[in-house]
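Please read them alongside the coordinates.

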Amino acid sequence: MNPYRARYHRELDELVSDTRELANRVDMAIGESIEALKEFDSLRAREIIKMDQVVDELNLKVESRCMELLALQQPMAKDLRLIIAVIKIGIDLERIGDLAVDIARIPVQNQGMVPVKKLENLPTMAAIARDMLHEAVRAIIENNADVAREATKRDYEIDNLYVKVRDRLFAIMVENPKLVNDATALLMVNRHLERIGDHICNICESIIYMIEGVREHLN
Amino acid sequence: MSYKIESRNLNLWYGSTHALKGVTLGIPESTITALIGPSGCGKSTFIRCLNRMNDLIDIVRIEGEVLYDNKNIYDKDVDVVELRKRIGMVFQKPNPFPMSIFDNIAYGPRIHGMSNVDKIVERSLNDAALWEEVSDRLDSPAMGLSGGQQQRLCIARTLAMRPEVILFDEPCSALDPISTSKIEGLMDELRSEYTQIIVTHNMQQAARVSEYTAFFLLGEMLEVGRTKEIFENPREKSTEDYITGRFG
């Protein structure tokens with residue numbers, strides 16, 4: 001094969017591995033932010049906030065390489081779909097990273113009067129989101145759109161838990177108005193986790209488009 | 001769908017070489033259809049079948065049908081000169097006649113006894129987006145024009161005969177990007193009045209100008225569809241391998 005073309009195909013492979021790396025870092029950020037919140041560990045939380053810069057830089061690097069490939073190689077068919085999907089997945093991953101940072105800010109900015117241990121469903125939501133993200137990455141590795149389709153089904157679990165956590169927090173606020181500030185912060189965490197689930201659904205849609213060329217709305 | 005021109009199980013042999021293998025392909029009216037595929041795949045051979053240009057090659061044998069307005073152009077009663085008047089062709093290399101710009105355009109109308117040749121020349125040059133560049137030097141030799149202008153002159157010469165179908169065999173492969181852009185713009189303007197078929201090796205050109213794309217490989221037409229679908233999500237793996245440069 002023409003060496004220029006071979007290099008181009010290698011660069012496409014690298015785009016995929018960089019996207020996996022981005023997903024792994026974001027996955028870690030979700031896990032760490034929830035751990036920091038559970039323990040109300042502001043030092044750990046500050047680390048996560050600092051690490052978000054790495055996610056942003058990696059995303060920018062991926063985006064720049066996509067632009068370069070579009071400009072120089074005029075990709076077609078599955079190559080074009082891959083590049084478009086990688087750009088879109090990058091946007092969703094970057095947003096998930098930001099939401100993890102927003103969760104990590106809670107132990108930095110609040111007093112922790114409402115212990116997360118009382119709200120086990122919050123860590124469960126985060127665990128489901130991480131499982132979904134792992135499956136999305138597996139769909140990319142195995143080039144299997146059905147794995148991505150299956151992963152999106154778990155978003156309903158997150159949505160159901162979202163309602164339960166919200167109602168529980170409302171009840172806590174009614175019982176003890178002194179806890180309104182912290183409970184409101186946890187309402188935001190609840191919302192962020194629900195949004196993370198939505199972004200992972202978007203990622204799965206991009207993966208399905210990348211593999212099969214069809215646009216499905218699964219969120 | 002009804003087609004302006006349609007091949008049915010078209011086979012062609014150059015001596016013992018089977019160059020077109022059962023090609024069935026319909027070209028809708030007033031559209032641009034691009035034919036793509038690697039060198040030697042039969043796309044130029046195919047396009048030349050559509051106005052019987054291959055008749056000029058002694059060793060060629062053709063089987064199957066090419067229907068033009070539902071009439072087989074290979075029927076014995078078909079007037080080939082009249083057919084080529086209605087199905088014009090523009091070649092890879094501009095081939096103006098060694099005469100003036102005016103005479104290049106007027107040549108066809110004159111030998112067909114058409115009247116108002118002056119008007120035909122002006123209209124054809126206008127339609128080919130060349131009038132403004134040459135109107136003050138119609139008596140100059142056509143060979144003095146640039147490559148891009150010569151190619152538009154050849155298109156004007158084709159338009160002078162008021163064809164219904166125009167076949168373009170790699171019309172921009174010898175042109176710079178500016179001239180290429182002018183030819184593509186011209187094809188776009190002609191879209192509503194003419195059925196156009198273009199053979200091109202330039203994937204981006206096929207994607208830009210055409211509504212339909214057909215992929216040829218080793219004498220077979222493997223896939224045809226809307227250009228958007230062919231370039232975004234082709235059905236055939238070999239089409240995908242070709243347009244993404246994974247052949248070889």
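1. Axes here are lines fitted to C-alpha atoms, for helices over the stretch in contact, and angles run from 0 to 180 degrees between N-to-C directions. Contact means heavy atoms within 4.5 Å. Helices (H or I, at least four residues) and strands (E, at least two) are DSSP runs, numbered from the N terminus. With these terms, helix H7 (residues 177-190) of chain B lies across S3, S7 and strand S8 (195-199) of chain B, at about 150 degrees to S8(B).

2. This is a predicted model, in which local features need pLDDT of at least 70, side-chain atom pairs count only at pLDDT 80 or more, and totals for chains, interfaces and linings use all residues. Residues are numbered from 1 along each chain as its sequence is written, chains are lettered from A and ligands numbered from 1 in the order in which they are written, and side-chain values use heavy atoms, with hydrogens and water left out.

3. Confidence is given as pLDDT, the predictor's score for each residue from 0 to 100. Chain A averages 93, and 99% of its residues score at least 70.

4. Chain B has an open sheet of six strands in the order S6-S7-S8-S3-S9-S10, with mixed pairing; two strands pair if DSSP finds at least two bridges between them. Strands S6 (87-90) and S10 (220-226) of chain B are at the edges with a single partner strand each, so one side of each has no neighbour in the sheet. From one strand to the next the twist averages 20 degrees.

5. Within that sheet, S3 (residues 32-36) and S9 (residues 212-217) of chain B pair in the parallel sense over four bridges. Ala34(B) stands opposite Thr213(B) in S9(B). H6(B) lies across S6 and strand S7 (165-169) of chain B, running at about 170 degrees to S6(B).

6. Helix H4 (residues 117-127) of chain B has as its buried residues Val117(B), Ile120(B), Val121(B), Ser124(B) and Leu125(B); buried means under 20% relative accessible area and exposed over 50% (1.4 Å probe, protein chains only). Seen down the axis of H4(B), these residues fall within an arc of 125 degrees, so they line one face of the helix; the arc is that of the directions from the helix axis to the C-beta atoms. Asp118(B) and Lys119(B) are exposed on the face turned away from the buried side. Cover for the buried residues includes helices H3 (101-111), H5 (131-134) and H6 (147-159) of chain B.
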